[in-house]
Amino acid sequence: SSSSSSSSSLLTIAGFASIFMILLLIVLFGFNGRFPLNLSSQYYDGGPSPSQIERFIAYVDKDRDNRMSAHELAEYFIEVDEKSREVVLDKYWAKQVEQVFEKLGKSENELLSWDEIEGIMRDAQVTHVIENLRKRYDYADADSDGMLNKAELLVLMVPELSDRRAEYFKSFEFHQMDMDSDGLISWDDYWHPNDDVGGGEEGGEHNSITSDDVKHVEEKERRLWANCDRDDDGKLSPEEYFVFATVQWSFHEVSYALNADTNGDQHITKAEILANLDVFTPTLTYHDEL
């Protein structure tokens with residue numbers, strides 16, 4: 001449905017690349033938002049075959065009862081999330097870092113300065129992101145020399161995919177939201193969808209995300225928040241937030257997959273997949289790709 005598609009777009013915006021990194025890529029070389037695996041858009045000609053569906057079920061169905069439980073799907077999507085992060089980081093973002101340095105005329109061992117990054121943003125008239133971007137820049141600058149090498153630029157662009165991922169979620173991102181510095185964040189500290197969507201470029205794809213889409217995602221995010229709040233105090237600690245941040249994608253994928261659960265038993269069968277190919281075709285596609 002269009003609501004599911006827009007909700008997926010919202011999650012992609014939040015999960016794989018922050019708005020100022022997309023803007024940086026647009027300025028440098030016309031980045032169009034597509035990743036090498038095309039995880040949300042590539043479809044088989046004519047749809048997946050019965051044998052492809054059977055192989056997929058056999059892979060996910062650990063207890064061999066010829067159906068996939070919600071728990072088995074959750075384990076599967078967590079595994080896929082980890083694999084896809086590694087693939088996207090290696091096959092896409094590492095190459096984009098190389099292109100950024102090349103586009104700016106940098107030699108192999110030259111470094112990137114904050115003035116150069118800020119200049120790009122000011123030339124593109126996107127000054128509203130500069131303050132937050134500077135905080136990310138300083139975080140990415142691991143040796144605190146005021147400059148970024150390629151590894152540090154990679155952290156600036158996609159810290160959630162880098163080898164500093166856990167540190168990023170538990171320290172930098174968490175503390176940006178912990179406004180009263182009490183070591184906990186509330187739902188209101190976290191949920192600010194209008195900061196990233198809803199006011200996008202005129203005529204841009206972000207404008208297709210409606211308030212209903214945001215509300216739909218918020219309801220799911222609140223359920224995940226409650227699941228990660230182990231002491232039921234309504235707030236998340238750094239450890240709880242790290243779990244929340246790292247299972248978001250898989251949580252939403254399971255929720256979407258269960259749209260095919262026509263009898264409501266929290267299991268998916270081959271017959272239910274065949275009856276709901278629009279739900280499962282993207283999943284089957286990148287299952288084979290990975």
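A residue is called buried when its relative accessible area is under 20%, exposed when it is over 50%, and partly exposed in between, using a 1.4 Å probe and protein chains only. This is a predicted model, in which local features need pLDDT of at least 70 and side-chain atom pairs count only at pLDDT 80 or more, while totals for chains, interfaces and linings use all residues. Residues are numbered from 1 along each chain as its sequence is written, and side-chain values use heavy atoms, with hydrogens and water left out.

Ile130 has a relative accessible area of 9% and is therefore buried. Ile130 belongs to helix α6, residues 130–140 (helices are DSSP runs of H or I with at least four residues, strands are runs of E with at least two, and both are numbered from the N terminus). Leaving aside residues up to four places away in sequence, Ile130 touches Trp114, Glu118, Met121 and Arg122, where contact means heavy atoms within 4.5 Å. Glu118 is 12 residues from Ile130 along the chain, and their C-alpha atoms are separated by 6.8 Å.

Helix α3, residues 50–60, has Gln52, Ile53, Phe56, Ile57 and Val60 as its buried residues. They lie on the same side of α3, because they cover an arc of only 135° around the axis; the arc is taken from the directions from the helix axis to the C-beta atoms. The cover over these buried residues includes β1 (68–69), α4 (70–103), α12 (270–275) and α13 (277–289).

Helix α10 can be checked for length. Its 18 residues, at 1.5 Å a residue, should span 26 Å, and the end C-alpha atoms are 25 Å apart, which agrees; the expected span is 1.5 Å times one less than the number of residues. The buried residues of α10 are Asp213, Val214, Val217, Lys220, Glu221, Leu224, Trp225 and Cys228. Seen down the axis, they fall within an arc of 150°, so they line one face of α10. Turned away from that buried side is a face with the exposed residues Ser211, Asp212 and Lys215.

Leu224 and Cys228 are also among the residues lining the second largest pocket. A pocket is an open set of points on a 1 Å grid over the protein atoms alone, with protein on both sides within 12 Å along at least five of seven lines, and lining residues have an atom within 4 Å of a point. Helices α4, α10 (211–228) and α11 (238–257) each supply at least two residues of this lining, and α11 gives the largest share, 5 residues. By type, the lining has 8 nonpolar residues, 2 polar and no charged.

Definitions and conventions:
1 Å grid on protein atoms, 1.4 Å probe; cavity = no way out; pocket = protein on both sides within 12 Å on 5 of 7 lines; lining within 4 Å. Nonpolar A, V, L, I, M, F, W, Y, C, P; charged D, E, K, R; others polar.
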